[in-house]
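Dear colleague,

I am handing over the structure below, and after it you will find an account of what came out of going through it. Please read the text with the coordinates open beside you.

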Amino acid sequence: MDDQNKNLILATALSFAVILVWFLLFPPPEQPVEDPNAVAVTSEAQAPVAGSTPAAAPASATPATADAAEGADAPRVKIETARLSGSISLLGGRIDDLRLADYRATLEKGAPIVTLLSPKGAANAYYALYGWAPGAGLTLDAVPGANTVWSVESGDKLTSKTPVTLVWDNGAGLVFRRAISVDENYMFSVKQSVENTGAGTVALAPYGILARHGEPAELKNFFILHEGVVGMADGELSEIDYGDVADYEFDPREGAKAKVTQVGEKGWIGFTDHYWMATLIPSQTSAFKSVVKYDDRRDIYQTEAVMPTLTVAEGSSVSADSQLFAGAKEWATIRAYEEQGGVSGFLDSIDWGWFFFLTKPIFSLLHWLNGVIGNMGWSIIGLTLIIKAIVFPLAYKSYASMAKMKELQPQMEALKKAAGDDRQKMQQSMMELYKKEKVNPASGCLPILIQIPIFFSLYKVIFVTLELRHAPWLGWITDLSAPDPSSILNLFGLLPFATPEAGSILAIISLGVLPILLGISMWLQQKLNPAPTDPTQQMIFAWMPWVFMFMLGSFASGLVLYWITNNVITFTQQYIIMRTHGYKPDVFGNIKSGFKRKKAK
């Protein structure tokens with residue numbers, strides 16, 4: 001490997017190291033936890049007009065009753081499916097109590113089931129609300145809103161086979177119904193209807209709201225992950241952080257800081273967390289108004305889908321269909337909703353990142369391998385083998401070129417001596433030699449340059465996708481999305497004390513088995529070639545495996561497993577290819593020479 005190759009590898013590795021060190025030393029600040037019991041100062045909500053939507057909690061005709069019935073005291077309809085549990089509050093007909101039966105908060109025994117939605121008054125309240133915005137001829141108290149107390153017309157429990165219908169009569173000739181059903185996964189269907197039994201024609205617009213009180217308590221605020229508003233509007237994906245929503249300009253028509261988007265026909269809007277999501281999905285064949293807003297007086301983030309205004313003649317009725325996704329961001333489930341359910345671009349609700357053209361196929365292949373093998377750890381190893389097989393033609397050319405460079409080493413040394421201090425003459429002589437022997441000096445770095453986007457793409461996949469969460473491999477590796485839990489400080493569990501807590505100083509040197517194997521595999525890979533002659537390069541290359549070992553010690557064990565596998569395969573490929581081209585790497589000789597230099601010092 002000549003000096004140009006070493007310099008390029010060194011520059012690439014150092015650049016990568018700088019990025020890693022930056023995010024280790026300067027992690028994003030933790031977000032303050034909002035006090036759920038703090039008293040919020042509010043002003044009276046303005047009556048909405050047709051085509052607009054009311055505030056998160058519009059005024060009610062019976063505010064005293066609504067206040068008395070708020071929260072857990074309101075009557076409820078139970079939600080019970082194989083994958084969901086919770087309830088619907090008859091106060092506003094809110095879907096505000098939802099838990100994901102298949103997922104627990106941690107791997108600890110007895111850990112609670114993940115809670116997605118929670119009612120107003122609870123810490124970090126988060127709920128879905130539906131209603132009608134009054135148009136011509138109607139006042140706000142003539143339509144159902146956040147504080148309307150509904151009655152159950154049919155169904156005593158919402159299951160995947162038994163829908164529930166709520167009803168409310170405004171006493172002035174309008175009867176409102178809301179039919180709610182849920183499938184076997186996470187998709188609710190909501191049909192809002194109104195029957196005009198009075199005199200005269202009325203106009204009103206159906207809407208759906210997702211309201212979130214404050215930022216999520218478990219907001220990670222990590223650069224590689226999007227958490228916040230996510231939406232699709234006519235094929236254009238929007239990902240908006242909570243901070244950006246709070247910085248919106250005040251919109252007097254919406255009564256809050258807001259951004260309004262008119263959607264032609266296909267779209268959805270909602271909030272995404274690391275592994276969970278809730279989205280409003282209007283009919284994919286109808287226009288709607290998508291609104292993202294922030295009420296800074298009450299610290300409420302809100303997304304809204306406002307359907308077109310409907311006219312209801314005397315003696316007739318109208319209805320509007322929409323859906324609500326509230327659940328885990330499972331790749332197969334979301335893909336089915338997009339492909340079979342017709343939800344446009346729904347798979348993009350998973351944060352695939354800038355390298356989506358790599359992350360999507362990488363995860364698709366990983367998911368398939370897991371279906372065949374049944375273990376995510378072995379699937380990562382299988383994925384690495386496949387990736388290395390795909391890039392093998394480039395690797396072969398690269399390693400063959402490196403072997404050829406070794407053969408030219410005596411001639412290159414002779415050219416250096418002949419040129420003396422004339423660097424320009426030396427470079428010209430080198431280029432002539434490369435051209436004559438048909439050798440590309442930069443080709444040795446090609447596998448490294450290809451590996452960088454693949455590495456970041458796999459890191460993205462492992463960090464973002466739900467399928468890696470709490471996925472075991474073997475033995476002590478019970479969660480491939482988390483760092484290796486073993487520690488050299490207690491001899492990997494042989495000594496009777498716990499490992500240091502994450503974030504402490506001792507945690508930096510608390511290396512697990514996988515990070516140590518990573519450092520050893522990188523070190524052995526270096527020994528395929530003699531150490532560089534330049535003392536500075538020699539020192540940096542000598543320290544590089546161990547620096548990376550410590551830096552990647554806190555990374556997801558699935559990612560470290562990928563890198564170890566990649567290093568082992570690369571070592572094997574490079575050794576065999578160099579041998580077939582007449583160059584025998586002296587691995588043990590290079591190891592011995594390294595120790596001899598240390599003794600000499």
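**Overall picture**

Among the contacts in the protein chain with a separation of 6 or more, 67% are accounted for by residues 24 or more positions apart. Please keep in mind throughout that this is a predicted model. The protein chain holds 15 helices and 21 strands, and of its 601 residues 51% are buried.

**Two helices**

Helix 6, which runs over residues 376-390 and has 15 residues, reaches 21 Å from its first C-alpha to its last, close to the 21 Å expected at 1.5 Å a residue. At the start of helix 6, a side-chain oxygen of Asn375 comes to within 2.8 Å of the backbone nitrogen of Gly377. Gly377 is itself one of the buried residues of helix 6, and that list also includes Met376, Ser379, Ile380, Ile381, Gly382, Leu383, Thr384, Ile387 and Lys388.

Helix 13, residues 535-551, has 17 residues, and the distance from its first C-alpha to its last is 24 Å, close to the 24 Å expected at 1.5 Å a residue. Where does helix 13 bend? The bend is at Met544 and amounts to about 40°, with a proline, Pro545, following within four residues. Both Met544 and Pro545 are among the buried residues of helix 13, as are Gln537, Gln538, Phe541, Phe548, Met549 and Met551.

**Aromatic rings**

The count of aromatic pairs comes to 26. One of them is formed by Phe325 and Phe346, an edge-to-face pair with 5.4 Å from centre to centre and 80° between the planes. Phe325 lies in strand 21 (residues 317-328), whereas Phe346 lies in the loop between helix 4 (331-339) and helix 5 (356-373), so the pair ties together parts that are 21 residues apart in sequence. Phe325 and Phe346 are both buried.

Trp331 and Phe363 form a further pair, and because their ring centres are 5.6 Å apart and their planes stand at 70°, where over 60 is what the class requires, this pair is edge-to-face. The pair links distant parts of the chain, with Trp331 in helix 4 and Phe363 in helix 5, 32 residues apart. Trp331 has a relative accessibility of 6% and counts as buried, and Phe363, at 0% relative accessibility, counts as buried too.

Ring pairs also link Tyr126, Tyr242, Phe271, Tyr294 and Tyr301 into a cluster. Tyr126, a member of that cluster, has the charged end of Arg212 sitting over its ring, 3.9 Å from the ring centre.

**The loops on either side of strand 12**

The loop between strand 11 (202-213) and strand 12 (228-233) contains Glu215. The side chain of Glu215 makes a polar contact, at 3.5 Å, with the side chain of Tyr301, which is one of the residues in the ring cluster described above. Glu215 is partly exposed, with a relative accessible area of 22%. From C-alpha to C-alpha, Glu215 and Gly228 are 8.6 Å apart in space, while in sequence they are 13 residues apart.

Asn221 also has its place in the loop between strand 11 and strand 12. Although Asn221 is not a glycine, it has a positive phi of about 55°, and at 31% relative accessibility it counts as partly exposed.

Asp234 lies in the loop between strand 12 and strand 13 (236-241). The phi of Asp234 is near 50°, again a positive value in a residue other than glycine. Is Asp234 buried, partly exposed or exposed? Its relative accessibility is 42%, so Asp234 counts as partly exposed, since that class lies between 20% and 50%.

**A loop between two helices**

Lys584 is found in the loop between helix 14 (557-580) and helix 15 (587-600). Lys584 is exposed, with a relative accessible area of 58%. How far apart in sequence and in space are Lys584 and Ala403? The two are 181 residues apart in sequence and 9.0 Å apart in space, C-alpha to C-alpha.

With kind regards

Conventions
Residues numbered from 1 in each chain as written. Heavy atoms only, no water. Expected span 1.5 Å × (residues − 1). Buried < 20%, exposed > 50% of the residue type's maximum accessible area, 1.4 Å probe, protein only. Polar contact = N/O pair within 3.5 Å; in protein donor to acceptor, adjacent residues only side chain to side chain. Bend = angle between axes of the 7 residues up to and from the residue. Phe/Tyr/Trp six-rings, centres within 6.5 Å; stacked < 30°, edge-to-face > 60°. Lys NZ or Arg CZ within 6 Å of the ring centre and 35° of its normal. Contact = heavy atoms within 4.5 Å.
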